[in-house]
Amino acid sequence: MATRPLSDEEIANIRAHLHELQIEHRDLDQVITHLIENPPPDELLVRRIKKRKLLLKDRIIQLEQMLVPDIPA
């Protein structure tokens, strides 16, 4: 199934969104570290943040794959 190439504007939008998600992912990592290092940690909050972080990582991977051009076999 062939898809059309992304326009320059679409690529720029994806990169901007990707950058925002990467920043949020890094920030969540810092929050998790802070919560764990400053007892007593709120285990439920830590689990929720880790889940959000995993969802962000999945979305980051999806966006990165959108930026990689398809290479015909």
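Does K53 count as buried or exposed, and at what relative accessibility? The legends below, for a predicted model, take up this residue and its surroundings.

**View 1. K53 in helix α2.** K53 has its place in helix α2. The residue counts as buried, because its relative accessibility of 18% falls under the 20% cut-off. With residues up to four places away in sequence not counted, K53 touches H25, L28, D29 and I32.

**View 2. I49 in helix α2.** I49 lies in helix α2, which covers residues 43–67. I49 is buried, its relative accessible area being 10%. Neighbours within four places in sequence aside, the contacts of I49 are L28, V31, I32 and L35. Along the sequence, I49 and I61 are 12 residues apart, and their C-alpha atoms are separated by 18 Å in space.

View 3. Helix α1 runs over residues 8–37, 30 residues in total. From its first C-alpha to its last, α1 reaches 43 Å, close to the 44 Å expected at 1.5 Å a residue.

**View 4. Packing of α1 against α2.** The two helices, α1 and α2, pack at an angle of about 155 degrees, and their axes are 9 Å apart. This angle is over 145 degrees, so α1 is roughly antiparallel to α2. The crossing of α1 and α2 is left-handed. In the contact of α1 with α2, the residues divide into 16 nonpolar, 3 polar and 9 charged. I49 of helix α2 takes part through its contacts with L28, V31, I32 and L35.

**View 5. The cis peptide bond between P39 and P40.** P40 has its place in the loop between α1 and α2. The peptide bond from P39 to P40 is cis, with omega near -5 degrees. Most peptide bonds are trans.

Terms used: Residues numbered from 1 in each chain as written. Predicted model: local features only at pLDDT ≥ 70, side-chain atom pairs only at ≥ 80, totals over all residues. Heavy atoms only, no water. Helix = DSSP H or I, 4+ residues; strand = E, 2+ residues; numbered from the N terminus. Buried < 20%, exposed > 50% of the residue type's maximum accessible area, 1.4 Å probe, protein only. Contact = heavy atoms within 4.5 Å. Expected span 1.5 Å × (residues − 1). Axes fitted to C-alpha atoms, helices over the stretch in contact; angles between N-to-C directions. Parallel < 35°, antiparallel > 145°, perpendicular 65-115°, else oblique. Left-handed = near helix turned anticlockwise from the far one by under 90°. Nonpolar A, V, L, I, M, F, W, Y, C, P; charged D, E, K, R; others polar.
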